[in-house]
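Colleague: Hi! Could you walk me through a few spots in this model?

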Amino acid sequence: MYNYLDFEKPVADLEGKIIELRKLAENGEAVDVAEEIGRLEKRSKDALRDLYKALTPWQKVQVARHPDRPHCLSYVEKLITDFTPLAGDRAFGDDHAIIAGFGRFRGEPVALLGQEKGSDTKSRLKHNFGSPRPEGYRKAVRVMELADRFGIPLLTLVDTAGAYPGVDAEERGQAEAIARSTSACLALKVPSVSVVIGEGGSGGAIAIATANRVYMLEHAIYSVISPEGAASILWRDTTRSRDAATSMKITAQDLLDMKIIDGIVPEPTGGAHRSPDAVIESAGEVIGKAFSDFAGSNMDFREHRREKYLAIGRNL
């Protein structure tokens, strides 16, 4: 069974009944229930489809944060061959929240940066729930400089609630590290593609997402602050998070309309966690198309980024 979100309760009830009927049939405690199971499965699919056709921004926040959603390492495993991770910032230490290294995407060399949240308690603690410290962003700068030196395109996979706000991170220069990472993204002479696969939270996301092409998964979110943080600041009431989510325009559809992102990667009905392989394959197709558009181009990638980000908001 899946981990069901609050608004998925009607689907959870139907799928729970299906599982009960199947167990009864397996134990020989029921007559033929195939017809009833088929009817319930159809009702479940219809209910799921109807729910996901009209998700509110707050519901999209919940889907983007779903614990079973595929994270960075899932994409690396499926899309990147010969991946060689690099560790450390050559100044303080290694930050496991940032995955960094080089590999091949469809046979071509690529530099990769991504934020990994972890999939169970042990891995979530190891990766600090996807919230990097300064050494993570300095590691990212190190990889970007190597990519630039050797003319290797950059792919980034964004999935973080934001940079780690702890005292130790601030003492080691969190804001400066984020600023330098963002600057390194803008200064790259090679093409860069970024995909927001879950949460794109604040400067923690922008630090590796300032790319020539930026895409989002259909139910991902991208924002300057979390809805809870915005509600706390604006109304001093975190229970108004859903109001903040609606007002902030943080969904992929809103950001595409505002021309902040370049495209949306479709997700299966029910979200990426229901069919991880399918959504990773879809993301791979979009990434491949972006890199093929840049291949052999005489484009000045730094100037392209400059124009892209200066243009944001001009026509709103």
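Colleague: Where does Asn128 lie?

Modeller: Asn128 sits in the loop between α5 (121-126) and α6 (134-150). Helices (H or I, at least four residues) and strands (E, at least two) are DSSP runs, numbered from the N terminus. This is a predicted model, where local features need pLDDT of at least 70, side-chain atom pairs count only at pLDDT 80 or more, and totals for chains, interfaces and linings use all residues. Residues are numbered from 1 along each chain as its sequence is written, and side-chain values use heavy atoms, with hydrogens and water left out.

Colleague: Thanks! Is Asn128 buried or exposed?

Modeller: Asn128 is buried, with a relative accessible area of 15%. Buried means under 20%, exposed over 50%, and partly exposed in between (1.4 Å probe, protein chains only). Asn128 also has a positive phi of about 55°, although it is not a glycine.

Colleague: And what is the phi of Asp82 near?

Modeller: Phi of Asp82 is near 55°, again a positive value in a residue other than glycine. Asp82 belongs to strand β1 (residues 80-85), and Asp82 is exposed, at 57% relative accessible area.

Colleague: New topic: at what angle do α10 and α11 pack?

Modeller: Helix α10 (residues 227-234) and helix α11 (residues 241-248) pack at about 105°, with axes 8 Å apart. Axes are lines fitted to C-alpha atoms, for helices over the stretch in contact, and angles run from 0 to 180 degrees between N-to-C directions. So α10 is roughly perpendicular to α11 (65 to 115 degrees; under 35 is roughly parallel, over 145 roughly antiparallel, the rest oblique).

Colleague: Which residues of α10 make the contact?

Modeller: Pro227, Glu228, Ala230 and Ala231 of α10 meet Ser241, Ala244, Ala245 and Met248 of α11, where contact means heavy atoms within 4.5 Å.
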